[in-house]
Amino acid sequence: MRVEADGLTVQGIITDITLAACDEVVGIVGPNGSGKSTTLRCVYRAMKPDAGAVLIDGVNVHKRQQLARDLAALTQESQVEFDFTVAEVVEMGRLPHERDSARDRRIVGDALATVDLSGLASRSFLSLSGGERQRVLIARAIAQEPRVLVLDEPTNHLDIRHQLDVLALARGLGVTVLTVLHDLNLAASYCDRLYVLDEGRLVASGTPEEVLVPELIAKVFHVTAHVVRHPTTGVPQLLFDQEVTP
Amino acid sequence: MIAKISALVGVLAVSIVAGVALGPVSVPFGVTLDLLWAALTGGTVPADLAGQYHIVWDIRLPRVLLAAVVGAGLSTVGVAIQAMVRNALADPYVLGISSGASVGATAVATLGVLSGLGVYALSVGAFLTGLGATALVYLTARTSRGLTPLRLVLTGTALAYGFSAVAMLLVFQAPRGDAARAAMFWLLGSLGGANWQSLPVATVVTALGIVYLLAKARPLNALAMGDETATTLGVEVNRFRTHLFVVTAGITGVLVAVSGAVGFVGLMLPHLTRMVVGADHRKVLPLAPLAGASFLVWVDVAARMLAAPEELPLGVITAAIGVPCFIFLMRRRAYVFGGR
């Protein structure tokens, strides 16, 4: 399924962001405050852009009926106060779909197994660690059976193994994935293409190979980077110098 | 779930019969059942039981049923409002309706406003100013981006202070002390004025509200997780919150009009229910009204009997029974909604 942002502008935050993703994993990277989350919020409809539009298979998300059947999102929202069980949280992913108790239960069970949390189904969501909660929310997104998955820093709170697992999982779903990532090396390893945002504007796009070059890293992130090859996969990986470039 | 619902329906049935039988003049249970049966089936009542029949059918039963309706309604509204504003301290009155209603009630009691309406003046006055207050809260809290939970709670709380001040001013300016006392008594909640005429509107509004909320249990779950999450799950958050606002304000307004502002029920019954079955609204919403109905029936029994022949305000009893019970349960169980 094809997702396009066409000239997205939110007054004072992002200006004229245009990007596209279709049945691939696309990463959005950039420094804090560069507008990554705002761009995603426009995609999953939590925000209406002042100008521009987000199109899914050519249809504006604000005009699309049943968008939630096609698009799931992992947001940064984290102040849940209600004490749902893990299974109840994951089952919320079935809300956009026709009800079918037996099928829903199976999908919820499968989603929990996918994120390696089958044993916690009846535990209280609020009693979990940050990383476990994050995985439950990812299971909820999976249970939604989306064709577009939007992830706002999905590796937050996760240990390294679960960071790799979550991104491998997102890739393995075979759907369009649009994800904000802070870790450039993870972005290089798991994304087909990257968009780089800086101060609300799109400054580069392309494959990790094309985008993650020292000049751009210095310009956008103000750090000195060296590109090396990953010894087994061959993807570019970055090593950083201690001192900050002006 | 079915077992829990059946058990609570059983408890409610027993509570209603007990509530009819118990009072300053007690009617034996067997006689109560016979008289209720006779009334419902159109049977005949022996002449020597005519007095008790009058007590059971004309005085107690409507009052007990109204207690059940008010308890059910306030508990359900509490559940919905706590999810709507995502706040553990919210109750049906958080949006200013009870303090708004108190302005109308005190105006009726102390200034004789609406006196043309006779015994209905207090209810009508309370209802009108209660809804007026809620409308004001809604319009004040609304922004171009919709209703946000925090703005709703803050606006409701702030305006409630204003309305309460007006009500208090009316009470203290009242030329007659007994009028002020009547107004205060009404504010703390009473079913003393209940009769068969007060039942239909309250019952229908509460029942429709409960049916609506039961149908919206899953979107309420999503809303409890946060506005953005609910949006990504296909809930139109602004529209849904506005609907919830109207439904909860409508139920609360009608209930306040017939029973005054009974405190505690709408705050604590939702929490008590969640302590037992968890946060899932598909479980909480069927059980909370049944629990609340039984609870308020017994509260009203206590209100009639503890200081007979005087009646105590319901709000005093709900606090006296409910607060210790709630603290006991909260300390015993690992209940976390609203902070850990």
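# A tour through chains A and B

Start by selecting Val150(A): setting aside neighbours within four places in sequence, Val150(A) is in contact with Leu40(A), Val43(A), Tyr44(A), Leu71(A), Ala73(A) and Leu178(A). Two residues are in contact if their C-beta atoms, placed from the backbone, lie within 7 Å.

Before moving on, a word about what is on your screen. This is a predicted model, in which local features need pLDDT of at least 70 and side-chain atom pairs count only at pLDDT 80 or more, while totals for chains, interfaces and linings use all residues. Residues are numbered from 1 along each chain as its sequence is written, and chains are lettered from A and ligands numbered from 1 in the order in which they are written.

**Stop 1**

Now colour the strands of chain A. Helices (H or I, at least four residues) and strands (E, at least two) are DSSP runs, numbered from the N terminus. Look for an open sheet of six strands in chain A, in the order β6-β7-β8-β3-β9-β10 and with mixed pairing. Its edge strands are β6 (71–74) and β10 (201–206) of chain A, each pairing on one side only. From one strand to the next, the twist averages 15°. Axes here are lines fitted to C-alpha atoms, for helices over the stretch in contact, and angles run from 0 to 180 degrees between N-to-C directions.

Zoom in on β6(A) and β7(A), residues 148–152, which run parallel and are joined by four bridges. Two strands pair if DSSP finds at least two bridges between them. Select Ala72(A) and you will find Leu149(A) of β7(A) opposite.

**Stop 2: the four-stranded sheet**

Which strands make up the open sheet of four in chain A? They are β2-β1-β4-β5, in that order, with antiparallel pairing. The edges are β2 and β5 (59–60) of chain A, each pairing on one side only. Helix α1(A) packs on this sheet too, touching β1, β2 and β4 of chain A, with its direction at about 120° to that of β1(A).

Select β1 (residues 2–10) and β2 (residues 14–22) of chain A: these antiparallel strands are joined by six bridges. They form a hairpin with three residues between them, and Gly12(A) in the turn has a positive phi of about 80°. Val10(A) stands opposite Ile14(A). Then turn to β4 (residues 51–56) of chain A, which runs antiparallel to β1(A) and is joined to it by five bridges. One pair to highlight is Val3(A) and its bridge partner Ile56(A) in β4(A).

**Stop 3: inside helix α1(A)**

Is α1(A) largely enclosed or open? Eight of its eight residues are buried, so α1(A) is largely enclosed by the rest of the structure. A residue is buried if 20 or more other C-beta atoms lie within 10 Å of its own, exposed if 12 or fewer, and partly exposed in between, with C-beta atoms placed from the backbone. Just after this helix, select Arg45(A), which takes a positive phi of about 75°.

**Stop 4: crossing to chain B**

Show the contact between the chains: 21 residues come from chain A and 21 residues from chain B. On the chain A side, α2 (67–70) and β6 each supply at least two residues.

Now select the whole of chain B, which has 14 helices and zero strands. Its C-alpha trace spans about 65 × 55 × 35 Å along the principal axes. Of the 340 residues of chain B, 51% count as buried.

Pick out Ser98(B), which sits in helix α4 (residues 97–111) of chain B. With 30 C-beta neighbours inside 10 Å, Ser98(B) counts as buried. Apart from neighbours within four places in sequence, Ser98(B) is in contact with Tyr93(B), Val256(B) and Ala261(B). Draw a distance line to Ser190(B), 92 residues away along the chain: the two C-alpha atoms are separated by 14 Å.
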